[in-house]
Amino acid sequence: MAPAPRPVKAAVDGPGVASYRHAMSLAHGRPYLAIPGPSVLPDRVVQAMVRPAPNIYEGELVEITAGIVRDLSAVARTTARAAIYIANGHGMWEAALANVLAPGDRMLVPATGRFGHGWAEVARALGAEVELIDFGRRTALDANRVADALAADKEYRIKAVLAVCVDTATGIRNDVAALRSALDAAGHPALLMADCIASLGCDPFEMDGWGVDVTLAASQKGLMSPPGLGFLWVGERARAARDRLDGVGPYWDWRPRIDPQGFYQHFGGTAPTHHLFALRAALDMIAEEGLEAIWARHATLARAVWAAAETWGAEGPLRLNAPRGHRSHAVTALHLGAGDGERLRRWCAAEGGVTLGLGLGMEVPEDNFRIGHMGHLNAHMVLGALGVIEAGLAALEIPHRAGGVTAAARVCAGAESA
Ligand SMILES: *Cc1c(COP(=O)(O)O)cnc(C)c1O
């Protein structure tokens, strides 16, 4: 059960105000959804969808699709072409596996936090034998332990290593390139599959540079579009693995989506019309700003969040979950304890108009909260959200050191390199 909010003490700032203050909330204004997906939709993306249904056989929709596929490759930093699905991230977990996995195949899953376990469950349901290495909720995966598991697999029974770039529950960023080094050092032929659903377009990612065989993403996080589109970028080795399978369910088969003979084959049926207009606008925004500038913006805004959290945590219970060096630029998970994560979330929504993420996947979810800082996000949004959190900590009398927002502002000013 959710803990009851503590009563809020607020200043009464003039004669007569006390009599109607009970009806007041400071939340009336533009709301801010600071959860780790779906992320904030840019107005330009919303506007792109406000239009009648287009022809799906010819005209603009057909014409923009080739450019979308090309720009998606640029975002994943690969020459591989994307298969686009009408699905969310869970759909991409299944699609990626459906194209390479025969029942009884072994999958190696080095899991941090929650999402690696989720992908492993899908693999098991599809008939895989899953070898799971659990790194818990506070540490990133250790490529040395993955190397040991690969070295022990003398018969090459492991067909793929399933890795999550950023675990959205814990805010931990894993070193995916180190997994490629482990595979190469072992001379192991397993595919490297990377779930970049939380982090693509936020944290740096280099599909070709890091030797990733299959990359997974979805539309609603760093790609600033509504949930409903999923993407798989498929390298040559993974395409060869698909070709060795006897059969793949026709909807999940990536072959016609990557090399369509007719337009409808891109999507296995009717095109996701308005999602494509939204994505076109989002990819335009990404191209205009530049991917590396976007990475730098996310890095700076993430450091602002960490600076605030470290200041608040200098006195009192607040802790950053992810260890230094493995913190994502897309999402931050924070621990408070005593049900205060949930109390703070409720206060920020009811009194500040900011919706924070819940403590998904943690031992006691109510003790935790998360800040999504992915996609369409600037300094005023981050500093505003942090200001509301600091107000909430004060209002709820949760012990903390004041000045978190000032520390974050210093990072935005370039005055501090956290
Ligand atoms: C959000 C997310 C998913 C699941 O995506 P859905 O669209 O919610 O199905 C999977 N993996 C990661 C890392 C995510 O952040």
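The following legends describe close-up views of a predicted model.

In this predicted model, local features need pLDDT of at least 70 and side-chain atom pairs count only at pLDDT 80 or more, while totals for chains, interfaces and linings use all residues. Residues are numbered from 1 along each chain as its sequence is written, and side-chain values use heavy atoms, with hydrogens and water left out.

View A. Helix H5 covers residues 115-125; helices (H or I, at least four residues) and strands (E, at least two) are DSSP runs, numbered from the N terminus. Eight of the 11 residues of H5 are buried, so this helix is largely enclosed by the rest of the structure. Buried means under 20% relative accessible area, exposed over 50%, and partly exposed in between (1.4 Å probe, protein chains only). The buried residues are Phe115, Gly116, His117, Gly118, Trp119, Ala120, Val122 and Ala123. After H5 comes Gly127, which has a positive phi, near 100°.

**View B. The packing of helices H13 and H14.** Helix H13 (residues 379-395) packs with helix H14 (residues 404-412) at an angle of about 165°, and their axes are 9 Å apart. Axes are lines fitted to C-alpha atoms, for helices over the stretch in contact, and angles run from 0 to 180 degrees between N-to-C directions. The angle makes H13 roughly antiparallel to H14; angles under 35 degrees count as roughly parallel, over 145 as roughly antiparallel, 65 to 115 as roughly perpendicular and the rest as oblique. Ala379, Leu383, Leu386, Gly387 and Glu390 in H13 meet Gly404, Val405, Ala408, Ala409 and Cys412 in H14 (contact means heavy atoms within 4.5 Å).

**View C. The aromatic pair of Tyr85 and Trp252.** Rings of Phe, Tyr and Trp (its six-membered ring) pair if their centres lie within 6.5 Å; planes under 30 degrees apart count as stacked, over 60 as edge-to-face and the rest as tilted. By this rule there are six aromatic pairs. In one of them, the ring centres of Tyr85 and Trp252 are 5.6 Å apart and the planes lie at 40°, so the pair is tilted. Tyr85 belongs to strand E2 (residues 82-86), and Trp252 to the loop between helix H8 (236-244) and helix H9 (255-258), 167 residues apart. Tyr85 is buried at 0% relative accessibility, whereas Trp252 is partly exposed at 21%. Tyr85, Tyr251 and Trp252 form one aromatic cluster.
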